[in-house]
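I opened this entry to keep a record of what I looked up, going from the overall fold to single residues.

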Amino acid sequence: MQTPVRLLLVNGPNLNLLGVREPDIYGRESLADVEDLVRQTAGERGAEVRTLQSNHEGVLIDAIHAARLDCAGIVINPGGLTHTSVVLRDALSGVALPVAEVHISDLSAREPFRHHSFVRDVAAVHVVGEGVAGYARATRALLDVIEGSTDSAGRAIP
Ligand code: CA2
């Protein structure tokens, strides 16, 4: 039997508060709901998911480095670190795994300081502003990249 593809799902600072506060921006689903959704979506394609949420940049970076050993790709919502963290970006580009960047809210419709993402150009997949459901689309698109059925711009490879 083939070893299943494993994905790392990373949620950054404050995403443990999902479903608890600011439901008008982030919806009513909890972090556990997000993790279940990604597990189920990946499971439909025979893939496994390891999950991590942390409020500490170094913990996120260590988990990204460790993924190099046994994961085929990373789904990440870096939270506010999206807009500040060169070190997170360096970790993602350093491990050279395909990355799907997800944001629940529409960054371009929010404050100007949320418009720039340090992660954007090291990610093969971007899903922004689709609510929690965006994690499912990001997971499918990342698996497409991993399985080689689309290129990193999402175009089908004939
Ligand atoms: O839209 C997204 O997914 C964000 O990555 C969420 C981050 C924010 O800093 C980014 O600009 C956009 C914030 C995560 C905090 O999540 C909370 C959830 C519920 C209540 C309070 C914070």
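**Overall fold**

I counted 5 helices and 5 strands in the protein, taking helices (H or I, at least four residues) and strands (E, at least two) as DSSP runs numbered from the N terminus. The model is a predicted one, in which local features need pLDDT of at least 70 and side-chain atom pairs count only at pLDDT 80 or more, while totals for chains, interfaces and linings use all residues. Residues are numbered from 1 along each chain as its sequence is written, and side-chain values use heavy atoms, with hydrogens and water left out.

Read along the sequence, the elements follow the pattern β-α-α-β-α-β-α-β-β-α. The radius of gyration is 15 Å, close to the 15 Å that the globule rule gives for 158 residues, so the protein is as compact as a globular protein of that length; the radius is taken over C-alpha atoms, and the rule is 2.2 Å times the number of residues to the power 0.38. I also noted that the C-alpha trace spans about 45 × 30 × 30 Å along its principal axes.

Of the 158 residues, 43% count as buried, where buried means under 20% relative accessible area, exposed over 50%, and partly exposed in between (1.4 Å probe, protein chains only). I then looked at contacts (heavy atoms within 4.5 Å) and found that, of those with a separation of 6 or more, 73% come from residues 24 or more positions apart.

**The strands**

I asked which strands pair with E3, counting two strands as paired if DSSP finds at least two bridges between them. E1 is joined to E3 by 5 bridges, and the two run parallel; within this pairing, Leu8 has Ile74 of E3 as its bridge partner. E3 is also joined to E4 by 3 bridges, again in parallel, with Val75 partnered by Ala100 in E4. Ala100 has a further bridge partner, Val125 in E5, and E4 (residues 99–103) runs parallel to E5 with 4 bridges joining them.

For strand E3 (residues 73–77), 5 of the 5 residues are buried, so the strand is largely enclosed by the rest of the structure. Gly73, Val75 and Asn77 point one way and Ile74 and Ile76 the other, and all are buried. In a regular strand the side chains alternate between the two faces of the sheet. Strand E5 (residues 125–128) has a covered face, made of Val125 and Val127, and an uncovered one, made of His126 and Val128.

**Single residues**

Is Arg114 buried or exposed? Arg114, which lies in the loop between E4 and E5, counts as buried because its relative accessibility is 17%. Leaving aside residues up to four places away in sequence, I found that Arg114 touches His83 and Leu107.

I next checked backbone angles. Glu22 is not a glycine, yet has a positive phi of about 50°; this residue sits in the loop between strand E1 (6–11) and helix H1 (23–26) and is partly exposed at 36% relative accessibility. Ala96, also not a glycine, has a positive phi of about 55°; Ala96 lies in the loop between helix H4 (86–95) and E4, and counts as exposed at 63%.

My last entry concerns Glu147, which lies in helix H5 (residues 133–147) and is partly exposed, with a relative accessible area of 46%. Glu147 and Glu44 are 103 residues apart along the chain, and their C-alpha atoms are separated by 14 Å.
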